[in-house]
Amino acid sequence: MSDSWDTIADWYADLLRAGSALNDFSRDVLLDQLPEVLSGHHVLDLGCGEGIVTRALAARGAAATGVDPTPRLIEHARAAGTDGPGTVDYRVDDGCVLETVADGSTGWATAGLSLNHVPDLDAALAAVRRVLTRSGSLVFSVPHPCFEAPHAAWTQAGDGTVRRVVGDYLAEGFWRSDNPQAVRRAGNEHRTLSTYLTTLHRHGFAVEAVTEPAPTAQVTARQPQRAGLPPFLVVRARRD
Ligand SMILES: C[S@@+](CC[C@H](N)C(=O)[O-])C[C@H]1O[C@@H](n2cnc3c(N)ncnc32)[C@H](O)[C@@H]1O
């Protein structure tokens with residue numbers, strides 16, 4: 001049987017709870033694009049998983065709503081609660097629909113490593129646009145499309161250094177990692193950089209920031225081969 005988010009939910013929650021330098025880094029570079037203080041703001045966290053980003057939003061004072069279609073991850077998120085000062089609220093919902101979220105109800109939306117899992121990016125961005133206030137913003141991160149393309153791998157070069165080999169950047173669509181320890185064994189939708197940017201534009205979003213943060217020392221201490229490449233692409237876009 002192939003893995004899915006349902007079958008790896010407990011594994012993913014355990015991975016993050018045990019402390020994952022890479023996931024902490026992905027949370028922090030996403031949060032870097034939001035105000036330091038979010039008191040008085042509502043933030044929708046699309047594809048919240050076990051709530052790593054949602055809790056961090058509440059820690060900045062937000063009234064944060066996490067939505068995710070994987071019921072087991074929502075159970076983990078609810079069980080983790082919040083340390084405040086803001087609040088968390090979790091709902092099982094599909095990011096391509098956002099059925100539980102009212103029109104124009106949120107000033108910010110975040111999507112940490114989740115738009116690369118939605119099957120229909122057009123539908124997800126249309127749904128986010130619908131729920132944002134008039135000048136609301138979306139901040140999202142995805143595994144960097146240029147370096148995390150389907151079946152990209154590490155290989156040892158002749159000089160002994162470990163290098164990234166990428167071959168299928170233009171192969172958009174669903175793919176599944178065959179690494180039994182990889183998150184993307186549950187599947188992943190690969191899209192090129194230009195697809196992300198042109199789809200944002202088509203749905204009336206103005207891109208305000210694009211970052212490709214260098215991995216922290218905590219990340220490279222565990223995975224030295226990551227030095228020199230940005231693991232994630234982060235985009236902040238305002239509803240035009
Ligand atoms: C790599 S996890 C990221 C979770 C969390 N944001 C984090 O940073 O840990 C990807 C998440 O995307 C969710 N996902 C899959 N399909 C989705 C969809 N159609 N809409 C919203 N989220 C989806 C999965 O259930 C999973 O929680």
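## The shell around the ligand

In this predicted model, 20 residues surround the ligand, and the closest are Y12, G47, D68, T70 and G112; a residue is counted here if one of its heavy atoms lies within 4 Å of the ligand. By class, the shell has eleven nonpolar, seven polar and two charged residues, where Ala, Val, Leu, Ile, Met, Phe, Trp, Tyr, Cys and Pro count as nonpolar, Asp, Glu, Lys and Arg as charged, and the others, Gly among them, as polar. Helix α1 (residues 5-17) gives the largest share of this shell, three residues, a helix being a DSSP run of H or I with at least four residues, numbered from the N terminus.

Residues are numbered from 1 along each chain as its sequence is written. Local features need pLDDT of at least 70, side-chain atom pairs count only at pLDDT 80 or more, and totals for chains, interfaces and linings use all residues, while side-chain values use heavy atoms, with hydrogens and water left out.

## Polar contacts and burial

A polar contact is a pair of N or O atoms within 3.5 Å. An N or O atom in the side chain of Y12 is 2.7 Å from an oxygen atom of the ligand, whereas a polar backbone atom of G112 lies 2.8 Å from a ligand nitrogen atom, and a polar side-chain atom of D94 is 2.9 Å from a nitrogen atom of the ligand. Taken alone, the ligand exposes 590 Å², of which the protein buries 95%, as computed by the Shrake-Rupley method with a 1.4 Å probe.

## A residue in helix α6

L197 lies in helix α6 (residues 193-202). L197 counts as partly exposed because its relative accessibility is 33%, and this class falls between buried, under 20%, and exposed, over 50%.

Technical notes: Polar contact = N/O pair within 3.5 Å; in protein donor to acceptor, adjacent residues only side chain to side chain. Helix = DSSP H or I, 4+ residues; strand = E, 2+ residues; numbered from the N terminus. Buried < 20%, exposed > 50% of the residue type's maximum accessible area, 1.4 Å probe, protein only.
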